Structures are given as C-alpha cells and as structure tokens.
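Here are my notes on the model, for reading beside the coordinates.

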Amino acid sequence: MTTTAPAAAPGRTATLRVTKGHGTQNDFVLLDDRDAALDLTPELVRALADRRAGVGGDGVIRVVPSTALPEGADVLAVEPAAAWFMDYRNADGSVAEMCGNGVRVFARFLEQLGLWDGAGELPVGTRAGVVRLRRVPAPDGTRWYAADMGRWHLPGGQRAADDGFDSEVEVAGLDVARPALSVDLGNPHTVIALRDEDELRAVDLTRAPQVSPLPPHGTNVELVVPLGESTDADGRTVGRVRMRVHERGVGETRSCGTGACAAALAVRTWAGAGAPDVWFVEVPGGTVRVTSLPDGHVELAGPAVLVADGSVDLAAIGA
Ligand SMILES: N[C@@H](CCC[C@H](N)C(=O)O)C(=O)O
C-alpha cells in the first residue's frame with residue numbers, strides 16, 4: 001500500500017506536513033500518514049531528524065493504519081481495535097521495535113488529529129505488539145499518559161535474575177568495565193549501576209558504550225544511580241533512580257521511556273524481594289513513572305507534548 005514520497009507538481013515544491021513533539025525531551029518528528037501514501041526511506045528519516053539541516057529529533061514517528069503494514073496485520077490478529085500503528089525510526093534511519101516516550105507522544109498526536117477522543121483506552125500497534133494508553137493525572141495535577149508496555153523479560157533468564165548480571169559494559173570516563181543486566185522491553189536494553197551522581201555526571205556518552213557480549217541487534221545502554229525509597233501521598237513505598245542513556249541509532253538522548261523501564265526493572269531486580277513496584281526515573285529531560293504490574297507487564301507514565309506544526313520543503317532538506 002506504500003507508494004512514493006510526495007512528488008512536486010511541475011513548478012511546485014514538494015512539501016511534507018510535520019509536527020514536532022517530545023516526551024521528557026526525547027523529541028520526535030511526527031508524520032500523519034493516515035492514507036499510507038508515504039515512502040518513509042532511511043534517507044528521508046535522516047534528513048528530517050537532522051538537527052541543523054532538517055527539523056531535528058531523536059526519532060521519526062509515522063501514524064499509519066495497522067492494515068497498511070505486515071507488522072500491523074500481526075497486531076490486528078491480537079487486537080482488532082488497534083487501528084493505528086506507530087512506525088518508529090531512529091534518527092540514523094534504522095527501524096526500532098518500540099519507543100516508550102514516542103508512544104505517549106503518538107497518542108497525543110492522534111488526539112490532535114481527531115483520531116482519538118482521549119477517553120478510555122487506546123490500543124496502538126507497534127513492532128513489539130499492542131501498547132495500551134490512557135490519560136492519567138500527573139503527580140503535579142497536569143496531564144500524563146500511561147502506557148501498558150506489555151510483558152518485559154530478562155533475556156539472560158533465571159541465571160541473570162539470580163546473579164543480577166549477564167554482560168559487561170565499558171564506558172568512556174569510567175575506570176573499569178561494569179557488570180550489566182540485559183532487559184527486553186520489546187527493544188533491547190543493557191543497564192549498569194554507577195557509584196554516585198558525580199560518576200554519572202562524569203561519563204562521556206559522546207562515544208557508544210562497548211557492551212560484551214553485544215546482543216544480535218545492538219542495544220540501548222542505561223547508566224543508573226539508585227536514589228533510595230520514600231513514601232508517596234497514597235502511602236506507597238516508591239523508588240527513585242537517576243539515569244543517563246545512550247540510545248541505539250541515536251546517541252545520548254535526554255530521555256528514553258523504554259530505557260527508564262529497563263533501568264527501574266534492573267534496580268528492582270538488584271534490590272530483591274520486597275522492592276517497590278513503583279519507581280520514578282529522573283532523566284536530564286524530566287521525570288517518568290515506571291510501575292511493575294502484577295501480570296508481568298510494565299506501565300510507563302509521563303508527559304507528551306506537541307510543540308509545533310509545519311511544512312517541510314523536501315528539496316531544501318535534501319530529501
Ligand atoms: N527513545 C525511545 C527508544 C527509541 C528506540 C531505541 N533507540 C532503539 O533503537 O531501541 C524510548 O523512549 O523508549
């Protein structure tokens with residue numbers, strides 16, 4: 001069903017309507033392709049995501065009917081109501097299975113487009129399966145979006161759960177390689193704990209961390225510092241962690257939603273029995289809440305903000 005990129009009529013410039021949005025400053029170029037008419041090539045993604053010559057973003061997100069993609073058909077077989085599919089691309093043009101901040105911004109974009117009324121639950125198709133979203137109040141009373149991200153798992157199995165580690169990561173600025181835990185959120189993550197916030201500030205993420213063994217499709221790397229536990233307004237014990245992240249296909253970003261889930265779940269695994277189910281993850285771009293659900297699912301809640309709508313001259317961005 002995919003056709004070609006918008007072609008310019010003779011004497012006219014080909015343009016593409018775009019919206020810019022972010023979730024805790026993990027930022028995205030959003031495309032309304034409800035007619036499945038756009039050929040979203042890696043070159044077009046890179047041109048749109050370019051922060052100097054393009055619009056700029058950590059990723060590009062296309063709204064497309066689930067019926068238009070083979071991966072969407074798989075989703076519809078499980079959840080016929082998942083009409084819209086989040087086609088997620090990293091800034092380098094690669095395809096990613098999932099994006100936790102992106103899927104909240106996707107829901108906000110569907111609201112703006114009039115494709116979701118914001119009531120009840122919104123099932124969204126993704127390459128990692130169905131994600132279910134709803135609007136929830138944020139701790140400060142503003143609006144957040146909560147996404148049931150589905151089942152997570154430790155690819156290293158029971159041994160990794162027992163030992164707490166299954167790999168190691170070398171990071172520029174750290175003296176020695178650190179033991180790491182792999183966490184699968186539909187996309188791959190590798191989490192290491194650092195000693196304290198000074199150490200977290202000091203690491204150099206302009207170079208990709210070296211993960212051994214490297215998972216077959218690469219990985220996102222989260223560096224975390226546990227900040228302790230407290231009691232929230234409802235009397236629940238909640239954990240808090242600070243995180244920096246190096247994203248596969250992007251580089252260091254100011255937030256990563258699936259990365260926040262991986263970080264919280266790793267710290268919870270390391271803490272052992274009795275650890276809190278609810279974690280606030282502080283990233284350079286803000287704070288998200290991660291909740292371990294009883295059915296083996298994980299919920300990610302946080303803001304989703306749209307900041308601009310516009311029109312891109314495809315020739316001018318070299319696409
Ligand atoms: N920022 C995202 C994750 C985006 C995909 C990631 N770079 C990958 O390649 O897996 C998030 O919020 O989860």
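**Notes on the ligand site and its surroundings**

1. Start with the ligand. Both domain 1 (15–150 + 304–313) and domain 2 (157–295) give residues to the shell around the ligand, so the shell lies between them. Keep in mind that this is a predicted model.

2. Which residues come nearest to the ligand? They are Ala 96, Asn 101, Asn 187, Gly 257 and Thr 258, out of 18 residues around the ligand. By class, the shell has 12 polar, four nonpolar and two charged residues. Helices H3 and H6 each supply at least two residues of this shell.

3. Now the two domains. The protein is divided into domain 1 (15–150 + 304–313) and domain 2 (157–295). Their C-alpha centres lie 24 Å apart. The contact takes 19 residues from domain 1 and 19 residues from domain 2.

4. On the side of domain 1 that touches domain 2, helix H3 (100–113) and strand S7 (143–151) each supply at least two residues. That side divides into 10 polar, six nonpolar and three charged residues.

5. H6 deserves a look of its own. The helix covers residues 257–271, 15 residues in total. From first C-alpha to last, H6 reaches 21 Å, close to the 21 Å expected at 1.5 Å a residue. Just after H6, Gly 272 takes a positive phi of about 80 degrees.

6. Why is H6 described as largely enclosed by the rest of the structure? Because 12 of its 15 residues are buried. The buried residues include Gly 257 and Thr 258, both listed among those that come nearest to the ligand. Further along H6, Leu 265, Val 267 and Arg 268 are also among the buried residues.

7. Next, the strands. S5 (residues 122–126) and S6 (residues 129–137) run antiparallel and are joined by five bridges. Pro 123 has Arg 132 of S6 as its bridge partner. The hairpin that joins S5 to S6 passes through two residues.

8. S6 also pairs with S7. These strands run antiparallel, with six bridges between them. Arg 134 has Ala 146 of S7 as its bridge partner. The hairpin of S6 and S7 has five residues between the strands, and in this hairpin Gly 141 takes a positive phi near 90 degrees.

Definitions and conventions. Residues numbered from 1 in each chain as written. Predicted model: local features only at pLDDT ≥ 70, side-chain atom pairs only at ≥ 80, totals over all residues. Helix = DSSP H or I, 4+ residues; strand = E, 2+ residues; numbered from the N terminus. Expected span 1.5 Å × (residues − 1). Buried ≥ 20, exposed ≤ 12 C-beta atoms within 10 Å, placed from the backbone. Domains from an automatic or database assignment. Contact = placed C-beta atoms within 7 Å. Nonpolar A, V, L, I, M, F, W, Y, C, P; charged D, E, K, R; others polar. Near = placed C-beta within 6 Å. Pairing = 2+ DSSP bridges.
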